[in-house]
Structure formats: structure tokens, C-alpha cells
Amino acid sequence: MAFVQFSKVSLAFGDRDILKDVSVNLAKGSKAALTGANGTGKSTLIKVMAGLITPDGGTRTFQKDARIAYLPQSGLTHKGCSLREEADKAFADGYELEKELDSIGDQLKDGSGNQKTLLERHDQIINLLESTGFNRRRVTAEQILIGLGFERCDLDRNCEEFSGGWQMRIALAKALMVNPDILLLDEPTNYLDIEAREWLEKFLNNFEGGFLLVSHDRYFLDHTINEVYELFNGELHRYPGNFSHYEKVRDVELETLIKEYEKQQEEIAHLQEFIDRFGAKATKAAQAQERQKMLDKILEHQIIIPESLKKIHFKFPPAPHAGRLVATLQGLTKSYDGSRKVLDNLDLVLENGERLVVAGHNGAGKTTLLRIIAGEDSSFSGEVKLGAGVKIGYFSQDNAERLKGSQTVLEAVEEDAPLELIPKLRDMLGAFLFRGDDVFKSLDVLSGGEKSRVALLKLLLRPVNFLILDEPTNHLDMHSKDVLLSALRDFGGTVIFVSHDRGFIEDLSTRVLELKPGKYRLFPGDYRYYMERLEREEAGLESSSADENRLTQNKNGGAEVSTGQKPAPVTSGKASWEEQKKLDAQKRKMERTVSALEEEILATEEKKSVLENSMANPDVYSNAVKAKAVQKEIDELNSKLDELNKQWEEAAEALEAL
């Protein structure tokens, strides 16, 4: 079985320990996430695992011929050939094997070389070409590219024509095409829309090899992985289960850590106060020196809480008063080439307090619609009416391009902050990943992602009552998204937004507008309802006729068909009281099962850890009989953990289905 194993790997940059005795094992079937605060070294660790960085100490072992594919966060570009030709480069190893196969054929034909060895190698190559999918490479390449959002007509386009985000999709596609044994993915969802993320989710669920990935998409992680490795203060800790389970366990651990931190801070302050007060007095000098020694000892083992783990919450400035109707769109039509209509006769009414998400594939007109409502695009037909007292705050990725000059980040944000929020700005900037001296960077030296975060925070500090947000979660980590989500939930105004983060959408939206080129539908429920509706339609349980493709608002804010026909009744899906009571009982029973399994997994992990540590004891490793017995116990615990994790996955899936 293919594997990559790292034992006690250490790496330091100057006097900072990035990795301290890190150990991890990835093998066939591993479905792991790597998490940790920004700047902790996640990308560095993945590069070490990929063999791109040599650590200062420790060992990296892997099975001979194990195929490892690595995708970095950004920076890859492709040029000089078509997309189809670039994809074919992923199979370079297969082409080399084909050449070797031809050479072996020639040697067998003329009788040169060791015939037995040649035949064995011949069979080995045939099996390799089959197992790696080389013989199905063209079909595989096309399926993966289309799954990641490319059109068939894109296959013969030159790679230079694709933007940076699509360039990274090409790189991701190539990593997946080679069917590696181990897949290392650093932020693979950064440049993917929801449809491409869902496709990648299914791909990873069916992937037979092992993978380790970094992502800030909680929903994506919950549906792809079954173990989490957290990099914290240079140390790596493993947590079995999905990402939400890891967060629950970690919250308990952090609560204890924070209590210890606060207790230690009190002790430090108490000692420092005594030293400051009596250090200069001759009668107390000896006692002050003793306190200084105690303080120095504590500071050697000082508990540090990273900024990213500090809970931050902020509220928007109060939204100015606005009427019930915030925006009314009538007959909105937009075409870029005069023939193909991106938006066609769209009618929409937005009421105060709504949080409407605009859904649809790339090119469906989502960004176009937001630009029109925000007043950024005036070349359309139809009408956009804003309600009385409406004040718009518009965010798009273009906002970042307007941030220039020698102003510091802190100064730029202070410009838009109400007086009462000035004392909280450092915390807010920390929540948006500007920590320590980062707040004193000038705007001119910021990256595109950093400028985007500054632009978003500046917008959120302005007193507006209608937020129009185009991909606000781009360039934010999970903690920052949580802060933003909490603030938007408390926001007293109206929100219309586009996002590719499904978890963010599900937790924020109250209504869904689905766009398709020239068509639209409005769903009165939240995003979960919308996805359930699509699944029912796909299964033939719900009508999705052409007559339903265009919807307008009726007087009650519901959805009705513009042709005048009544929409097909929607099944509520609610169970009777008795059925609901039965379901609740089943759910409680399954929750107890999941909880018991989690506790047993943690106990088994701890027992395994004790045994693994004992292998470093000379009394054990120098005694072959003892070492063999301990290793046997470890192997048995590994088997038990595999079975427990399998049971946990089945129970968790059953619980989720209830």
C-alpha cells in the first residue's frame, strides 16, 4: 500500500520554530485536513511533505514508486499550447513508460538482454499504465476539466487566454488526472465556484488514494475528510472525525487553555507589580529578586494565545432608517453582444431586512446584476427603483484596485470608522488577518487579497442600510468568515450577495434568486430549501417546467409564474407529529451513539499514543520481545481505530440524514 510517512520532522526559520518534531502518516484511504492559523506554517509543511523543502531534522519515508501530486495555493501559469495539450502533459510519466515498453519490445524481438527480466518489466509497465489511467487519459482529462467548470469549446483555446483563477483550475485538473497515490492540495477551493466545489467534493469522496488538503471552506471539509491535523505553535495534533467535530473538541481544549492563560497572566501581573514596587527598596531587594526569578521561570513557559483564536465580534454602525421596499426591478434586460441576453426581463422586489443570495453558474449574470443594482452599470434596459432612504454599500473585487497611496492600513480604515468604533479597530483588523505590525503597512505594498480585505472592512464600517456584496468571503480564513457572518446576521439592513462558500450561504440567506442565461427563478426559502428543491426536481419529484423559468413577485412577496398559470403545489416535507416524535427519538439515539464512538476513539488514540511513546524507551526498543509485543498492541489499536472511525462515519452520516 502506497504511503508517505514523516517522523519527528523539525524546521526553523531563524529563531522561529515552524515545525517541532512533527509526525504524520498518509496512506491509501487517508482523508485528512490540515488546519491552523494563518502564518503557522501549513503551506510549509505541505511543501516538506511534497519534497520541495528539506527539513532541518527528522525523516521522510515513502513507498517506492508512490506517486505524489502537489497543488500550491497560487502562482502557476500555463502557456504555449492549448488547454487540451496542457492537460496531456499530466501524463508525461505514462509517455515515458510507453517509450520503455517500445524499447523492451525491440529487445525481445531481437533476443538481446535478459528475456525473463524484460518480460517481468513488460508486465509491470502494462499494469502501471492501466492502474494510472493512462490508457483512458483523453476521456479522463475531458471529464475532469468539464467537472471543474471548463466548456468543451475551451479545450482548444490557448492557455494564455485563461485568467489567474482558471490557470489554477488547470493546475488542479492536472493534479487529479494522474490518479496519484497521495494528493496534497493547498487551498484547492480558492478559485472554484459552488458547482466546481461540489464536483471536487464528489471526486475526493470517490478517490481511492490518500489526500491531505488545506481549505477555509467548512462545508467542503465536513463533506470530504475524516481526520484533522492542527498545526499549533509548531506542533501537530491529530483529531479523528470531520471538521465540525474537531471544532467542538478544540473549543473545549481552548477553553481550558484560555483559563490557564488568564490565570498565568494574573500571576505575571502580581509578580511584576511586587518587583516594580519594592525592587528599589533595600529592605525588600532580596524578596524582589526572588520574585524576579519566579517571573523569569514563568515567562520561559509562557502560554501564548494566537490572535486567530481570540473570539472577536463586532456590529455594524446602526443602519439608517429605510422604507419597507428597498429596491424594485422591472423588465431588467442586459446584453453584452446585442444578441445573447444575460438578463432578460427580470422582475424583482427586495424588502427591508431580506438577505437574498444570487445563485447560478459562471456567466449567468450574477455580478452583472449586482453591478446594475449598485449603479455601477447603466447600459441596460428596464428600471431599477431604490426605496426611500436607501443608502447602498457595494463591495466587489474591483474595490481593491482603487486602494492606493502611502496611507497605512490603520489610517485607511480609520477614515470610515464611526468614533465609537475607533477603539475596536485593532481587533477588527485582527479578525480580517491584519495582526501586529501588519496594520502599519502602506496600501501600495499590499497584495490583491490584502487590499480586498481592507476594502471590505472599510465598507462594513460605513452607516448604510443596503449591502451589495460580490464574493465577500474571498481571501478570508474560516475565523474571519465567522466574524463577518455574525456581523451580517446582526445587520439591521438588507443584503443581496453572491458567494461560492456554501456554508456561508446556508447560514446567511433567507431567499434565493437563481440565474441562468436569459432566465431566472425565485425561491422563497433559504439555500437549503433551494438545494432540496433542485434535488427533488432532478429526481422527478418536483415540477420544473418551462413555464416556471420566469418568476415575479406577487403582492405577498411569494413566487408566482409570470404566464399567469399557478405554480405546482410544493410539498412541505413536514412529518406528522407522531412521525416527528419518532424521528426525534431516533436522532437522540444516534447522537448518543456518535458521542460514545467519539469518546472511544479518543481513548483509543490516547492509549496508542502512550504505546508509541514507549517505543522510544531503551528498555523497550533494545528488547526485541518487548518491542514486538508493543508493536503488536499498536497494530491492534490501529485496526480498532479503523473500525471505530468507519462506525463513526456511518453513524454520523445516518445522523445527518435524520
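Predicted model: local features only at pLDDT ≥ 70, side-chain atom pairs only at ≥ 80, totals over all residues.
1. Residues are numbered from 1 along each chain as its sequence is written, and side-chain values use heavy atoms, with hydrogens and water left out.

2. An open sheet of six strands runs in the order E5-E6-E7-E3-E8-E9 with mixed pairing; strands (E, at least two residues) and helices (H or I, at least four) are DSSP runs numbered from the N terminus, and two strands pair if DSSP finds at least two bridges between them. Strand E5 (68–71) and strand E9 (235–240) are the edges, each with a single partner strand, so one side of each has no neighbour in the sheet. From one strand to the next the twist averages 15 degrees.

3. Within this sheet, strand E3 (residues 31–35) pairs with strand E8 (residues 227–232) in the parallel sense over four bridges, and Ala 33 has Val 228 as its bridge partner in E8.

4. Helix H1 (residues 42–50) lies across E3, E5, E6, E7, E8 and E9 and runs at about 155 degrees to E6, where angles run from 0 to 180 degrees between N-to-C directions and axes are lines fitted to C-alpha atoms, for helices over the stretch in contact. Helix H9 (residues 243–278) lies across E3, E8 and E9, at about 35 degrees to E8.

5. Helix H3 (residues 92–110) and helix H4 (residues 115–131) pack at an angle of about 150 degrees with their axes 10 Å apart. H3 is therefore roughly antiparallel to H4, a term that applies to angles over 145 degrees. Contact (heavy atoms within 4.5 Å) involves residues including Leu 97, Leu 101 and Ile 104 of H3 and Leu 118, His 122 and Ile 125 of H4.

6. An open sheet of three strands has the order E11-E10-E13 with antiparallel pairing. Strand E11 (341–351) and strand E13 (381–386) stand at the edges with a single partner strand each, so one side of each is left without a neighbour in the sheet. The twist here averages 10 degrees from one strand to the next.

7. Strand E10 (residues 325–335) pairs with E11 in the antiparallel sense over seven bridges, and Lys 334 stands opposite Leu 343 in E11. Helix H11 (residues 366–374) packs on this sheet and touches E10, E11 and E13, its direction making about 125 degrees with that of E10.

Methods: Parallel < 35°, antiparallel > 145°, perpendicular 65-115°, else oblique.
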